[in-house]
Structure formats: C-alpha cells, structure tokens
Amino acid sequence: MTDMIVPSRMIGIVSLAVLMFGAGAGIGLLAQPAGRANSVPTRADGTCPPGTTEVRPGRCQAPEVPPPSILDYRPRSTLVTAEHLVPKAKFPVVDIHSHTGPTPETIDRLLGEMDALNLRVLVNLSGGSDPAAIKQKVDYIRSTPHADRFRVFANVNFDGAGAPGWAEKAVADLEASVRNGAIGLKIYKSLGLTTKKADGTRLKVDDPVLAPVWDACARLDIPVIIHSAEPKEFFSPFDYENERWLELALFPSRRNFSPGQPSFEEVQAERDRMFAAHPKTRFIGAHFAYYGHDLARAGALLDRLPNVTLEVSAVLYEFGRQPRAAREFFLEYQDRILFGKDSYQPQEYPYYWRVFETADEYFDYYRDYHAFWKLYGMDLPDEVLKKVYYKNALRVTPGLPRAGWPD
Ligand SMILES: [Zn+2]
C-alpha cells in the first residue's frame, strides 16, 4: 500500500484501482467502475479468453492494470480466527521416512531438534545397497549413547536386473544388510519410472524378476517402504490448468509426460499388482501411495490388501485441503497410516502437528509451489494420533526400539 492520503469525501469517486495501486500507476480518476463496459463474452466452451476473468455470467474482463505474476501475488488474509501453533507433537513420533542420519558432527544438533519436535526415532531410508555402508551407519549409531533414536533401511541395486545371478546377489546383499542392522528396505521412485533392466527395457514395479527381493523381505520380517509414481499432475500436460504448474516450471526433472514415459495409472497399477502378488510382505506406500487426492481409491487399496499401509510424507496439502474427509479416513483406517516427513527440515514438522492435532482453519502451508491453497486442521483424537505417530510404525517395523512408548 502507498502512503497516499485520500480525503474521505473523495473516496466514493476514486476508483478502487487508484486506492489499490496508487495514483502513480497512471490510473485516471474517472476510470470505469468494475462492470461490463469493457467485457467480452465467454468462449464457446464457457471459459474466459486468456488475460480475462468472468465478472458476470457469460462476460469476461481484463484487469485495468497489468496483473502480477503468480510468483508476486501474495495476498494477506484478513481472516481473524483462532491460531494454535504446535511446535512439539503431542506424543512421541517415529519418522519412518527420512534421509538423514547422525554423524559425529551433526548428532548433537539433530538430537536437540528432535527433542524440541518430540521426534523420538528418525529412520534413514538412504542406507545404501552395500552391506558395508549399512554396517558403517549402524555401528556409528550403536556407538553413541543415543542408539534408540536412529534406525537405517537398506536399498537395492537394480543395475543388471533380469540378468542371470542378479536376484541372488540382491537378496544376499539384503540379508547381509539386515544382519548388519538394517530394519527395512526402501525402494526409490526411479523403479517404475527410469530404472532399466539388463535388456534395456523399463523395469516395471511388478516385473517377476523382482519377486525374490519381495519374498526375502517377508522371510526377514522387514517392511518395504516404496515410493512409486509421483503426484498425478506431474504426469499431466504442463499447462495453465495443471495445479502443480509452478512446481513443474521450477523442477524440469519432475515432468513425467513426455512420449514414451509411463503414465500415472500405469505405474500405480504395476505397484498395486505387485502388492497383491506378495501378500506375506508388508508394504508401506510412501507419500500415501499418491492416492491422497482420491481418498476413496486409497481406501479401496487398503480394503483389498491387508499387507499395505500408507505413509504421509510430503502430501500434507492433500489432507489439509479436505480436512473433514481426511479426518473420516484417518478414523476409519487408523491402523493403516504411518508418519513420515521425507525432507528433514525441523521448521516444517510443526505444520504436520498442526494439521493433525488442531481444528485451526485457513492457514499457510510451508511450500507455496506445492500448493496454492490453505490448510485446515483435522482435529484427530489422541488414540488416532498415537497410532499414526508411533503405534503403527512399531507394529509394521519390528526393528524399531520397543521400550519407553506411552500406552
Ligand atoms: Zn524419500
């Protein structure tokens, strides 16, 4: 706002544009009031031409001044409503989806941050596919007085998948990693999107060459946390109707809609078939298996496959924009949802606590480019919070610390 002073008797004749943008913007005092004077009809499909917005049914108009870009339009909310910030989770939390683990240089800082958030266990999913790399990480954790605060998952090396001997080596490495202290297996999103088989074709999530790995996880009694696909809009045309336009504009590697790339439905279907084909293996669908935008589908998946649970990292904006449906879902499937954050940013966890624990309304999300909308709290009951924060993780992941949890 400018510091321009307008005598009160004049306000009625000064256009809104002058008040908003200042006389310096070159707007005449006799500008037309908002209305139909400069409007054009909607197009045949009922939408407005580019650069205009619907001002009356069937009529579209351009702003009188150049509109800001979506980067620069940052409206302040005038809503006055109760605010309940939640810097520390109400119950201790297992973060089942992190890529951070302690080093001698970082452990004191990490513990301080974790204590402030009530984050009791941080699970580093980036353990690596080399059993020696797992051993190094686990040995360090066990050498500290804080061995119950950190855990490590192993990964699989897909180079040469499908070639003779690949599966035997992958399973042997996984067994050695578990002996060295890994408590689960993490599969990255590259499987299904970019990973190639030895013969050069795309390695599909449900390719039978992977079956020995999934079966080994059942035998070893460890869960598989799997990131498949990406948000649905990452597979859609990169146009002005795409609700992730800004993110796709910022990060070219997230564009998954080129010819020859698998579709969202293809990758999701491959993963869900693989879940069904290995009922004895426990699978955790990272990022809510990317069904957070369609909770009916998420529910159908859980109804059909008792070996599957879902994890909430990086999709908080899906729950926060449909707090009533999300609350119902969390109540109905309270035994099937785990907490995870993915990117370790201490200042971002409290947004999760606030969405899950409060009934606050219309508050900011932490990344504008993820979501142009505001969040609302789900007001979850204590018993559901405990299950999401740690009880479900403890059931699915036997290698987590067992002692010291509230009932
Ligand atoms: Zn991750």
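Asp 221 sits in the loop that joins helix H6 (211-220) to strand S8 (224-226). Helices (H or I, at least four residues) and strands (E, at least two) are DSSP runs, numbered from the N terminus. Residues are numbered from 1 along each chain as its sequence is written. This is a predicted model: local features need pLDDT of at least 70, side-chain atom pairs count only at pLDDT 80 or more, and totals for chains, interfaces and linings use all residues.

## Overall picture

The protein has 13 helices and 11 strands. Its C-alpha trace spans about 80 × 50 × 40 Å along the principal axes. Of the 407 residues, 38% are buried. A residue is buried if 20 or more other C-beta atoms lie within 10 Å of its own, exposed if 12 or fewer, and partly exposed in between, with C-beta atoms placed from the backbone.

How confident is the predictor? The scale is pLDDT, the confidence in each residue, from 0 to 100. The mean for the protein is 91, and 91% of its residues reach 70 or more. Confidence is lowest in helix H1 (residues 16-21), at a mean of 37. It is highest in strand S11 (residues 337-338), at 99. Over residues 1-35, pLDDT stays under 50.

## A β-α-β unit

S4, H2 and S5 make a right-handed β-α-β unit. Right-handed means that, with the strands pointing away from the viewer, the path from the first strand over the helix to the second runs clockwise. S4 and S5 pair in the parallel sense over four bridges; pairing needs at least two bridges found by DSSP. Ser 98 has Asn 124 in S5 as its bridge partner. Strand S4 (residues 93-98) is largely enclosed by the rest of the structure, because six of its six residues are buried.

Which residues of helix H2 (residues 107-117) are buried? They are Leu 110, Met 114 and Leu 117. These residues lie on the same side of H2, because they cover an arc of only 65° around the axis. The arc is that of the directions from the helix axis to the C-beta atoms. An α-helix has 3.6 residues a turn, so residues three or four places apart point the same way. On the other side of H2, Asp 108, Arg 109, Gly 112 and Asp 115 are exposed. The cover over the buried residues includes strand S5 (119-124) and helix H12 (349-357).

## Inside the fold

Trp 353 belongs to helix H12. It is buried, with 23 other C-beta atoms within 10 Å. Leaving aside neighbours within four places in sequence, Trp 353 is in contact with Val 86 and Ala 89. Contact means C-beta atoms, placed from the backbone, within 7 Å. The C-alpha atoms of Trp 353 and Lys 88 are 7.4 Å apart, although 265 residues separate the two along the chain.

## Positive phi

Most residues other than glycine have a negative phi, and most peptide bonds are trans.

| Residue | Phi | C-beta atoms within 10 Å | Burial |
|---|---|---|---|
| Ala 314 | near 65° | 21 C-beta neighbours | buried |

Ala 314 is placed in the loop between strand S10 (308-311) and helix H10 (316-320). Asn 118, which follows H2, also has a positive phi, near 70°.

How values were computed: Two residues are in contact if their C-beta atoms, placed from the backbone, lie within 7 Å. pLDDT is the predictor's confidence in each residue, from 0 to 100.
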